[in-house]
Amino acid sequence: MTKQQKAEVIDFLTSEFKESQAIVVCDYNAISHKELEGLRKDAKENGVKVQVAKNTLVTVAVKNAELGDIELSGNNIFLWSEDQISACKVADKFATANKDKFAIKSGIIEGEIADVARVNAFAKLPSREELLGMLAATWMAPVTNFTIGLDALRKKKEEEAA
């Protein structure tokens, strides 16, 4: 890579990392190209971006984005998203499906360095859509119970009249 290409990668990653709420660092030693494309497809469907980049370039980009100092070693693939949960979920799902070949190493969540346990904890949280569904169900519960009660009263009245 030329210096100009390296600078472009650093600028791209810096701007992406500044706008992201979660960055997940994963080890991908024995992943085939086909499996990696599966990860990229799943990531795209969930609004997560995936990039393989040199550790030194990512370290500089993380510093430029003012997210702290992260220590990187080995073969890494980086997943990031604008919300805290999506990147963690995609990485956790893929790591579970490919246990021997893919592993979560660490991450940066809301500007703080996160260990594997914290990334996995975020992966277990419900998504925004699931939370909104739970909230709607909670709001609808009194109305639903009221209509069920009215229907039971109506049926009782019909039975008494017959």
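1. Let's start with the lining of the largest pocket, where α4 gives the most, with four residues. Please keep in mind that this is a predicted model. Both α4 (86-97) and α6 (128-161) supply at least two residues each to that lining.

2. What lines the largest pocket, residue by residue? You will find D42, N46, D83, Q84, I85, S86, K89, V90, K93, S127, R128 and E129 there. By class, six of the lining residues are charged, four are polar and two are nonpolar. The space in this largest pocket comes to about 280 Å³.

3. Next, have a look at how α4 sits against helix α2 (residues 33-45). The two pack with their axes 10 Å apart, at an angle of about 150°. Angles over 145 degrees count as roughly antiparallel, and so α2 is roughly antiparallel to α4. The crossing of α2 past α4 is right-handed.

4. Which residues make that contact? From α2 come E35, L39, D42 and A43, and from α4 come V90, K93 and F94. Four of the residues in the contact of α2 with α4 are nonpolar and three are charged, with no polar ones.

5. α4 has another partner in helix α5 (residues 116-124). Here the axes are 8 Å apart and the packing angle is about 100°. That angle makes α4 roughly perpendicular to α5. On the α4 side the contact uses C88, K89 and D92, which meet V119, N120, F122, A123 and K124 of α5. This contact of α4 with α5 divides into four nonpolar, three charged and one polar residue.

6. Finally, do turn to helix α1 (residues 3-19) and helix α3 (residues 55-64), whose axes cross at roughly 45° and come within 8 Å. With that angle, α1 is oblique to α3. The crossing of α1 past α3 is right-handed.

7. What does α1 bring to its meeting with α3? The α1 residues are K6, V9, I10, L13, T14, F17 and K18, and they meet L57, V58, V60, A61, V62 and N64 in α3. Nine residues of the contact of α1 with α3 are nonpolar, two are polar and two are charged.

How values were computed: Residues are numbered from 1 along each chain as its sequence is written. This is a predicted model: local features need pLDDT of at least 70, side-chain atom pairs count only at pLDDT 80 or more; totals for chains, interfaces and linings use all residues. Side-chain values use heavy atoms; hydrogens and water are left out. On a 1 Å grid over the protein atoms alone, a cavity is a set of points where a 1.4 Å probe fits but cannot get out, and a pocket is an open set with protein on both sides within 12 Å along at least five of seven lines; lining residues have an atom within 4 Å of a point. Grid points are joined across faces, edges and corners, and a volume is the space filled by probe spheres set on the points. Ala, Val, Leu, Ile, Met, Phe, Trp, Tyr, Cys and Pro count as nonpolar, Asp, Glu, Lys and Arg as charged, and the others, Gly among them, as polar. Axes are lines fitted to C-alpha atoms, for helices over the stretch in contact, and angles run from 0 to 180 degrees between N-to-C directions. Angles under 35 degrees count as roughly parallel, over 145 as roughly antiparallel, 65 to 115 as roughly perpendicular and the rest as oblique. A crossing is left-handed if the near helix is turned anticlockwise from the far one by less than a right angle, and right-handed if clockwise. Contact means heavy atoms within 4.5 Å.
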